[in-house]
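Here are a few notes to read alongside the structure. Have it open and find each residue as you go.

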Amino acid sequence: MSIYLRILLIVVCVFTSQYVLYKIRKSQMKIEGALYWLFFSALILILSFFPEIGMAVSSWIGIESTANFIFLVIIFLLIIKVFFLSLKGSQIEYKLSVVIEELAIMQNRRDKEEKKEKEYMRNDKEKIKK
């Protein structure tokens, strides 16, 4: 792995970690999401500082270049993140549909009660007129 790639990975990881910590301090990011990105940055930092680990694993797997192995790890971790975000989005959609259904039922009940109340008031006015 070239020194330029190592420096680039280190700089990007440091900035990513700082940005994530900034977002946590501003309460704009949940801890569970932040832990993923901090772990992600730490793993890339370790592989950047100790390229021998990447070389050993990439040769063990049969990947020619350590840089290709690093990119494979990054792609794999991002695919996992996308998968879990997709699951979370599906759960949110389901919960939203349940809430919408409950709201529609409550509005329907309220409308029926208002209609009965208006009818009752109309009947009272007619009785008073007689």
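1. Start with what lines the largest pocket: by class, 4 nonpolar, 1 polar and 4 charged residues. Keep in mind that this is a predicted model. The residues to look for are Met-29, Lys-30, Glu-32, Gly-33, Tyr-36, Lys-81, Phe-84, Leu-85 and Lys-88. Two elements each give two or more residues to this lining, helix H2 (31–49) and helix H4 (66–129). H4 has the largest share, with 4 residues. As for volume, the largest pocket comes to about 190 Å³.

2. Now pick out Tyr-36 from that lining. What lies over its face? Look for Lys-81, which sits 4.7 Å from the ring centre of Tyr-36. Lys-81 is a lining residue of the pocket too.

3. On to the rings. The count of aromatic pairs is 4. Take Tyr-36 and Phe-40: their ring centres are 6.1 Å apart and the planes make an angle of 20 degrees; under 30 counts as stacked, so this pair is stacked. Both residues lie in H2, 4 residues apart, or about one turn of the helix.

4. Phe-40 also pairs with Trp-37, this time edge-to-face, at 5.6 Å centre to centre with 75 degrees between the planes. These two are 3 residues apart in H2, so about one helical turn separates them. Put together, Tyr-36, Trp-37 and Phe-40 form one aromatic cluster.

Terms used: Residues are numbered from 1 along each chain as its sequence is written. This is a predicted model: local features need pLDDT of at least 70, side-chain atom pairs count only at pLDDT 80 or more; totals for chains, interfaces and linings use all residues. Side-chain values use heavy atoms; hydrogens and water are left out. On a 1 Å grid over the protein atoms alone, a cavity is a set of points where a 1.4 Å probe fits but cannot get out, and a pocket is an open set with protein on both sides within 12 Å along at least five of seven lines; lining residues have an atom within 4 Å of a point. Grid points are joined across faces, edges and corners, and a volume is the space filled by probe spheres set on the points. Ala, Val, Leu, Ile, Met, Phe, Trp, Tyr, Cys and Pro count as nonpolar, Asp, Glu, Lys and Arg as charged, and the others, Gly among them, as polar. Rings of Phe, Tyr and Trp (its six-membered ring) pair if their centres lie within 6.5 Å; planes under 30 degrees apart count as stacked, over 60 as edge-to-face and the rest as tilted. A charge sits over a ring if NZ of Lys or CZ of Arg is within 6 Å of the ring centre and within 35 degrees of the ring normal.
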